[in-house]
Protein chains: 2
Amino acid sequence: MSETVETKGRMTLPVEQGIEEELRSMIQKWGADAVRNSDGTELPEELKDLGLEVYSTLCMVRADQKYAKANMDKAQQKYLCSAFVTAESKMVKIDILKEYYKEQFAIDTKHNPKKWWEVIDRTADKKVAPKNWDFNPKTGVVTVKDCKPYHQYSVSFLVYQIWDSTSMYNALTNDWAGEHPTSVDPYQPEVFEHLLKFLDEWLERNPKTDMVRFTSVAYHFTNIYGHDANPKYRDWSGYTDCISPLAIEDFKKAKGYALRPEDFIQGGLFNDVNAVPAPQYLDWIDFINAFVVKLCRAWNDRVHKAGRKSMMFFCDHWIGTEPYGERYAKAGFDGIVNACKNGLEARRIADVPVDIVKEVRLYPYFFPVNLKNEPSFAPGGNPKQECVDFWVDVRRALARNLVDRIGFGGYPSLAIKYPDFIDYVAQLSEEFRTMHAHTKQSKPYQSTVKVAVVNCWGKLRSWICKEWEGGGLMETLTGLPLEVQFINFSDIEKHGIPEGVQVLINTGNEGTAWSGGAHWLNPKIVAAVREFVHNGGGLIGIGEPTAIQNQGRFFQLADVLGVDKERNLSRGKSKPETTSQESHFIMEDQDGAPNLGKCADQVYAYTAQTQALVKNGGDLIIAANECGKGRAVYLAGYKHNWANTRMIHRAIFWTANKESELKKWFCSNPLTECAAYPETGKVFIFNNTGKPQSTTVHSDKGGTVEVSLDAYASQWREMTDFE
Amino acid sequence: MSETVETKGRMTLPVEQGIEEELRSMIQKWGADAVRNSDGTELPEELKDLGLEVYSTLCMVRADQKYAKANMDKAQQKYLCSAFVTAESKMVKIDILKEYYKEQFAIDTKHNPKKWWEVIDRTADKKVAPKNWDFNPKTGVVTVKDCKPYHQYSVSFLVYQIWDSTSMYNALTNDWAGEHPTSVDPYQPEVFEHLLKFLDEWLERNPKTDMVRFTSVAYHFTNIYGHDANPKYRDWSGYTDCISPLAIEDFKKAKGYALRPEDFIQGGLFNDVNAVPAPQYLDWIDFINAFVVKLCRAWNDRVHKAGRKSMMFFCDHWIGTEPYGERYAKAGFDGIVNACKNGLEARRIADVPVDIVKEVRLYPYFFPVNLKNEPSFAPGGNPKQECVDFWVDVRRALARNLVDRIGFGGYPSLAIKYPDFIDYVAQLSEEFRTMHAHTKQSKPYQSTVKVAVVNCWGKLRSWICKEWEGGGLMETLTGLPLEVQFINFSDIEKHGIPEGVQVLINTGNEGTAWSGGAHWLNPKIVAAVREFVHNGGGLIGIGEPTAIQNQGRFFQLADVLGVDKERNLSRGKSKPETTSQESHFIMEDQDGAPNLGKCADQVYAYTAQTQALVKNGGDLIIAANECGKGRAVYLAGYKHNWANTRMIHRAIFWTANKESELKKWFCSNPLTECAAYPETGKVFIFNNTGKPQSTTVHSDKGGTVEVSLDAYASQWREMTDFE
């Protein structure tokens, strides 16, 4: 272990006035080399001697409230949908904003409702002719006439968003009083120009800023509040807050067709990230992305001209940036940063396919309560243990792909009250810098097994969204010694399964963007996957993979997966009897029945040769099937834990027909994992649990070393130790 | 209690040779007045003095095997579908009968395959041009050329059914050797004529027969066996066994359009009774029904001309008869009989809307094993307890609508070995005759609450099919003091909710014939139900009522039901918070949380005023909602038990806005029930459990009587006792 581990660097801290001495000690203990200013906080003069870089937070669209309030017709807009209201006679009145938070939205009376709005008979699924409805701007009520009694009607209408979503969230969550900042829409040419001017001035006003930390760019993710000031709809990937008549008109010019309000509303689904995206929604994302990248570039050109650097916060107003999109490199950021509480969020930053500085802001946030609203930096809280628990998941992901920097956020005055936390972060920071010292950010050994996850979002939304049934699997994948790529159905339709991929994974519930819905009616896609497996590829399906009712079956690749799901349409059909296998390569390290969480039910063997690995009564929970030269594994559900991680690890190698490659840089104890770095000759071995563990580490050449690790501990070894 | 209860009558027994004395004793103890002969058994001479009617079993389509075997081209036919086979190149060979039981089916090589068969690309959902495939009658193989690689192909082909389904079932189940009887197809004109001649001769040959017990008519329900001689597909209501080229040609003339093989095959779903029936399938049922009724009438005319009567066994070859259809009265039967192990099967017979003799054959069948293949009339069996358990369910249904006769089936030589069983049936027979004596088959008091169950089958399939998720609810309904009718979606579309109905029930899983699938996209149907509730009607939804994804919601009447189901397409949507009600009229008699069996998950309050009665974590299990002047109740699942029976009883009265009518001829103890007969002034009170029960019986005028009942016991009281 001759590499020098730096005692300082790769660590960003928030600053706060009035605790200069404690801050100095914290900065030194943690080895921080950068501080993050934000509104109202600035690096204290006393700490200038520490040679710290200064990162300054800037949210362009809400930074200049004087301009915003003077130009409320340039506030950001979106479509909302009124409640569905039953017509009890031939006339119905709809108070369109009734269900929404009136501090957040104001009805747009500037653009002609007859042109821009839609009244829909939701029962007949028909648009109501504009002559049959009227809007009263004084009352906010739409009156529909010539209704069909007992049909339900709704109004899709434009609003201005008069309170910026993040400001509103913070104010409502923390009971803050004060002004309601409004975000302006940079799609409006005057706003675009104004913001450039504003930025130039801001850079001049902030000469000490080294790094402009844009928080984030133009458009906030969807966050709609209801009449009771409680959240009504939220989608971290939602593209609602970038809608305006001008953008819609430009979209038509760019894409050759017009969007209608219902393309955004979708009966209230708002193109939820979990739903199969319609082609026009994908076009809309692309259209907004092109604009936002142009905007970013204009800003970054100014930042660079001023001799500064810029970083993008991959949250809040991130919509339109799409860091995994083709255009992101052109946006011109020098770095990207995001909050990160697990492997998924770590890889989401680490894997962004642009060579810029990547920073993860670790948890817990220095705040009295945590994300679950439990005490954190407050009596009853245990911020150290919180930090350990997050770090265990993050560390294994970083072992696969290391980011450049870590950081923390919040109020240091709270953190300094917890010396065990301060000490733990010192240790964590050292562990992080040690990873840099020993890996030089080189690639760890990975097996020849390449995995592709197919869903509707593909590469564009790599490692995106934990809040769905495939989330647990993604978390597991973040730390496995495998190349993981994300593809969409169009990729398969056009190019087949990507060259070099050995295992395809499809996971999710029927009809979701993750499972794929109607894409599984596309014969090109179905045949491509079937051919892939017949010729030796592997398929892992979880939950309701390839699912859509068609041709008498539900899983369109039931023949490949070896299973189908009874949807109560063929109860009279006898299902092949299966008996649970006594043992199988996939299940070898399991101790007892696996807990896969919520499982699809009524899944049965579709073929007589399907192997049942785990059953629950008559339902298959885990099954394996051979199909041509290939193999498939089905799991009725999945949740991330270390026993399941090992099972998925084995399932991938089994379906890839690469069982012999499993025990290469492999820990016998599933509660431990390792990563080897051939370029530096180092091996990183870590304990994912709070108890001491012993493990046999297998090298790729057959050598083994016994290793003992304290709770959560990691150890570095030389590859030569294994010879 | 002055009415004379007959000591004999309304009871049919099977006969058997060699146990004449025991049979005499049994007949006398049970008060049997009729015996059932079947092939090989006949009323022994020694018992002639008992004055018994003789019922003789006759299955016309397989009775004359000499004719059947000489006319194998007139055997019954059907379409089968080969396995879906993957084309690994541009050519694929399909051994079409490979998956099927070759003792049951022979490929039809008489009718031109190119005309009558279909080869389908199942991956592309396209019919393959006949020029691109060939059938080799020697090998049974279809070769498809110009395939798309890795598409799957199947062949829909005609077969002759060479072994009658019931004979095959009996032979395979009991390991019987012997000939394989073949059923002939009376649709063929020569067969039609031959059977008439045969029937005349049979009647002549069987002068002692008083009642011809047709078992049943022409076409067996669908019962397809696989290559391993095990059941592959079974549907008690399936219309597959009546298919022939001639019938298909005549269908085209009658209905004006042609059916294709896929109309029968449906990718292997075979128009399962659980699936939403296609219009062409409903037309096919209607077409076959018209023919079968014509056939029945021809037979019954002969029977009557010979001075005999006839009865139809409502099972086995019952397809085409449709006892709830418009034509059934014209078929000319004097009676209908079916096996009956619960209230549902009892009402299925009792409610047949034709005034003929109705008989239920009770269980257990005198056979060593029971329907679950457990010992019955064999060591380890307890036929008396089996009989009690069945009778408890049957009795409460008969209290609502009394059949004319009961009976048993099987081998009396087995039954006589169980004296406790013999004694119990004597008691049961007396209880049944007492019901006749005290009710004179008059209508029991029922509340003014009328219930309609809506599903795709409606009246045609009243009380049909227990093997689905609504089965438990139907069983509960069989004994409630309510009028229950069954309607289909077309009834609602054309006529709205029937006059007088106060509560509509929709129960089932999405996309099934029971829930209704795409019928809930029909605005006329949706608006009619919504109007019904807004104007004071009640709606009870169970499982996935009114379910189909549309306009952003899953339950199309979510606004009425007050609930919707999250299908993972709108996870970002906040759901109204609900708190469980402390008490509600519906839940008043519940002792602890109800067990509704398997429940729909992720059901949430759709409106803020939805009342949560029972929750499971965040999921609603039971909810109530008020909508306009009407009310709705939602249950996430249902299973039949006495606690749930009471809950449904209350839920119906609550949704009907008739809480005040609940305690009219009502038992305070939910384990007991009662029925009052205004015409005779009698009250029947019974204990549904194996433990003694006390109960307060409420009359319709407010009077009460305390009653104690032994295990399973019943008691008759005078209505005047309540004054």
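Visitor: How far does helix α14 of chain A reach from its first C-alpha to its last?
Guide: Helix α14 of chain A, residues 419-439, has 21 residues and reaches 30 Å, close to the 30 Å expected at 1.5 Å a residue, where the expected span is 1.5 Å times one less than the number of residues. Helices (H or I, at least four residues) and strands (E, at least two) are DSSP runs, numbered from the N terminus. This is a predicted model, in which local features need pLDDT of at least 70 and side-chain atom pairs count only at pLDDT 80 or more, while totals for chains, interfaces and linings use all residues. Residues are numbered from 1 along each chain as its sequence is written, and chains are lettered from A and ligands numbered from 1 in the order in which they are written.

Visitor: Which residues of α14(A) are buried?
Guide: They are A:F421, A:V425, A:L428, A:S429, A:F432, A:R433, A:M435, A:H438 and A:T439. A residue is buried if 20 or more other C-beta atoms, placed from the backbone, lie within 10 Å of its own, exposed if 12 or fewer, and partly exposed in between.

Visitor: And how many residues of helix α11 of chain A are buried?
Guide: Eight of the eight residues of α11(A), residues 343-350, are buried, and the helix is mostly covered; among them are A:L344, A:R347 and A:I349.

Visitor: Switching to chain B, why is B:G407 called buried?
Guide: B:G407 is called buried because 22 other C-beta atoms lie within 10 Å. B:G407 is found in strand β19 of chain B, residues 405-407.

Visitor: What does B:G407 touch?
Guide: Leaving out residues up to four places away in sequence, B:G407 touches B:M11, B:T12, B:L13, B:E359 and B:R361, where contact needs C-beta atoms, placed from the backbone, within 7 Å.

Visitor: How many residues of chain B are in contact with chain A?
Guide: In chain B, 50 residues are in contact with 50 residues of chain A. On the chain B side, β15 (231-235) and α17 (523-534) each supply at least two residues, and α17(B) gives the most, with six residues.

Visitor: One more topic: in which sense do strands β28 and β29 of chain B pair?
Guide: Strand β28 (residues 611-616) and strand β29 (residues 619-627) of chain B pair in the antiparallel sense over five bridges, where pairing needs at least two bridges found by DSSP. B:V614 stands opposite B:I622 in β29(B). The two strands, β28(B) and β29(B), form a hairpin with two residues between them, and B:G617 in the turn has a positive phi of about 60°.

Methods:
Two residues are in contact if their C-beta atoms, placed from the backbone, lie within 7 Å.
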